Each structure stands twice: as structure tokens, then as C-alpha cells.
Amino acid sequence: MDADHVLIVGETGTMIMKNEGAFSSPLTRIFSKSADSLKLSTSELFFGLKYYWKLRGIHETDTTEWSTAKYFSTIANPVNVAPTNNATGQMIDLTVEWEVVPGVFEYIVELCDDPDFSTPCMYFSDENTFTPQGLLFDKTYYWHVKSAHTQDTSSFSPTWSFETLNKVNLVSPANGSHVGETFATLTWQPLSGLSGVQVYYDTDQNFPMPEIVDLEGAVSSYKIPFMLVDDETYYWKVRAYEDGDTTNWSDTWSFIMGEVGINEINKHNVKLFPNPNNGVLNIEVDGNVQGDVYFSISNVLGEIILNEKYIFAPGVNNRRIDLGDFENGMYIVQFKSGKSVYTQKVILDR
């Protein structure tokens, strides 16, 4: 209208009037503070708005002019934190998180497998986190969140997505590697929020007649409780399950029983006799295997019941082992020299 009389109407209908240099709008608030105050705290401002502010000083006989007007903008919506947008391989007990918005009393979350959120999937949280229930494996979920106080509700944050675990990742033994331990241990990625894990292993990569192991809970390893055949290739795979739902099978990995150098000791004519024996086991080792050799005997449960270190000299070395206190049955004898390993079964039959 003129330099001192202006009417501004925003696209959302908010009106601001400048009349004789003063502000006037439905959102205008006037505060008085003591002279020693240097700040003013506000509460429950509307979300996503630009607020202008100015101040003046007053004493009993006069008032200063208004300061130059400045402005600030309030947060329009919460900021998503985790899981990161488009994250994959997420556990089904994950927690979504966003930055704290000070001064609000509630957050409203929408999380579902529909990017348009057309199905009912609204939840409420008084913290900046939310743990959904009933997620399924191998599925994409979408989520966003808004904040609220008694005067206003923000807009939703940007929509992020994540994919739940679709298959378990194997860890060890490394694919195609050799296993020198008497009892192989299979390991896969850490898991959580599961009823259990199923493991298959077989000497055929098609698993026509696999050994099937069902493990309860979110375990991440399995020790095969009996000795596998030396120089044999074994194939294995894993999947997780929860409340009738399962992941896809992991990739199929293989391992070979015995260290790469397993024949180094064997070719030097390690002999165990008699086998079966009646309580006395004789060991004969060619002296070409020199230095420290670690010797152990384990039962079929993998428990080491005898563990000794021998120092072999040039020539043929003999040792006599008394098995008189052992129970009848099969035992596993193992020699280790550096990276070389030799394993053999012996039978005690008195």
C-alpha cells in the first residue's frame, strides 16, 4: 500500500501485516524479559515455518527503537538415521531410528511393504526409535516418521527403504579351503531375532542325502561332532528360520578335510600298530620328520584325552602309548608338525 503499510499473504494462508513499522499476524507473540536476560526460550512453534523476531529495550521513562528484524526457520520434519536408505541384509528384529526433535511429545511412524503406505501401518513412539514386529525375510519395507506436539504436527520425513535378510552369508571354512582340525567347525554371519538355523552338509554338492542339523536360536556356528574323512570334499549351506518363514539357502561352499601338507608326515611312513589294539599302541615315525611333533588322541566327541610333544631325531623313532585306562571304542590320533597334519583312526578292543 505504501512504505509503512504492507499486507503479505503466504501460499498457506498466513497473513503478516506491517503497519507503521510493526508486525501483526495471528502467530505474533510478545514477550517481556528482565534487563539482565540475554536470551528467550520458545516452545511448541509450528513446524516448517520462518519466524521473524526483533527486540527493544525499555525503562521507566523511554523505549528504544526496535532492532533490525531477523528470522529463523523451524524444522519441517524429522531426519532419518538408520538403517541407511536402501540398506540390504537387515535382521528382522531391527530398529529404525531418527534424530531427536526437541520439544515434541510423540512421533508417528509409518512402516510397511507398500511404498505408497496405502495399507494401515501407522505406529506411535515417544522415543526417536521404533522396533517393528512381524517382519518377513527377503522383503522390502518402506518407512518415514513425523513429530507432534500439542499445537502442530510436522510433515513426514523422506521415505527410506530397507531389505530384510534374504540369505545367510557363510564365513568359514573359506570356500575350497583345507580343514586341519579333527572336528570341522562351520561358521556364518552373526544373526539375531531368529527361531533357529538349519545346516546341510554332504559329500555331493547336490545334497541328495545330506546330514541335516537344526539349531535353536540365533547361533552362528556348528562344530561337527565326529571326524570326517581325510582328503574328502564336503559341501555345506545354511538358512535361517523364524515363525514358519525361512531365508533362501546360502551359497554352497566346500572344504577339504586335512591341511594342504597332510601327506608330508604321512609320506615319511608314520605307522600306528596294532590297529585294532588291546591297550598298547606303537608309533613308528621315520626320522626325516625332525623337530617338534605334537601328538594327541581324541575320543569321538572331540575331547582331547592325551596331548604330548615329541622331539624326533634322525632315523626311525618309536613310541609306546599305554591305552589301558581308555574305554573300548574308536579314537582319533593326530600328528602336527608345522603346517603338516596327519590323522588316523585307531580302535581299542580288549
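Which residues form a nonpolar patch on the surface? Trp53, Leu55, Trp66 and Phe72 do, with about 410 Å² of accessible area together.

1. Basis. This is a predicted model: local features need pLDDT of at least 70, side-chain atom pairs count only at pLDDT 80 or more, and totals for chains, interfaces and linings use all residues. Residues are numbered from 1 along each chain as its sequence is written, and side-chain values use heavy atoms, with hydrogens and water left out.

2. Overall. The chain holds 1 helix and 29 strands (DSSP runs, numbered from the N terminus: helices H or I of at least four residues, strands E of at least two). Of the 350 residues, 36% are buried (under 20% relative accessible area; exposed is over 50%, partly exposed in between; 1.4 Å probe, protein chains only). The accessible surface comes to about 20500 Å², and 49% of that belongs to carbon and sulfur atoms (Shrake-Rupley method, 1.4 Å probe; for residues, only the protein chains shown count as cover). Among contacts with a separation of 6 or more, 58% join residues 24 or more positions apart (contact: heavy atoms within 4.5 Å).

3. The patch. Patches take residues with over 30% relative accessible area and no salt bridge; like charges are joined within 9 Å, nonpolar side chains (Val, Leu, Ile, Met, Phe, Trp, Tyr) within 5 Å. Trp53 lies in strand E4 (residues 50-53). Trp53 counts as partly exposed because its relative accessibility is 42%.

4. Aromatic pairs. The count comes to 14 (rings of Phe, Tyr and Trp, the last by its six-membered ring, with centres within 6.5 Å; planes under 30 degrees apart are stacked, over 60 edge-to-face, the rest tilted). Trp236 and Trp253 pair edge-to-face, at 6.4 Å centre to centre and 90° between the planes. Trp236 is in strand E20 (residues 233-242) and Trp253 in strand E22 (residues 253-257), so the pair ties together parts 17 residues apart in sequence. Trp236 is buried, at 0% relative accessibility. Phe295 and Phe335 form a tilted pair, because their planes are at 55°; the centres are 5.2 Å apart. This pair links strand E25 (residues 291-298) with strand E28 (residues 329-337), 40 residues apart. Both Phe295 and Phe335 are buried. Ring pairs also link Trp98, Tyr107, Trp143 and Trp160 into a cluster.

5. Charges over rings. The charged end of Lys50 sits over the ring of Tyr71, 4.3 Å from its centre (NZ of Lys or CZ of Arg within 6 Å of the ring centre and within 35 degrees of the ring normal). Arg319 has its charged end over the ring of Tyr310, at 4.8 Å from the centre.

6. Salt bridges. The whole structure has 3 (side-chain nitrogen of Lys or Arg within 4 Å of a carboxyl oxygen of Asp or Glu). Lys139 pairs with Asp113, closest N and O atoms 3.6 Å apart. Lys139 is partly exposed at 30% relative accessibility, Asp113 likewise at 40%. Lys167 meets Asp251 at 2.7 Å between the closest N and O atoms. Glu284 and Lys271 meet at 3.8 Å, N to O.

7. Thr164. This residue lies in strand E13 (residues 160-164). Thr164 is buried, with a relative accessible area of 2%. Beyond four places in sequence, Thr164 touches residues including Gly89, Ile92, Phe137 and Lys139. Leu135 is 29 residues away along the chain, and the C-alpha atoms of Thr164 and Leu135 are separated by 7.9 Å.
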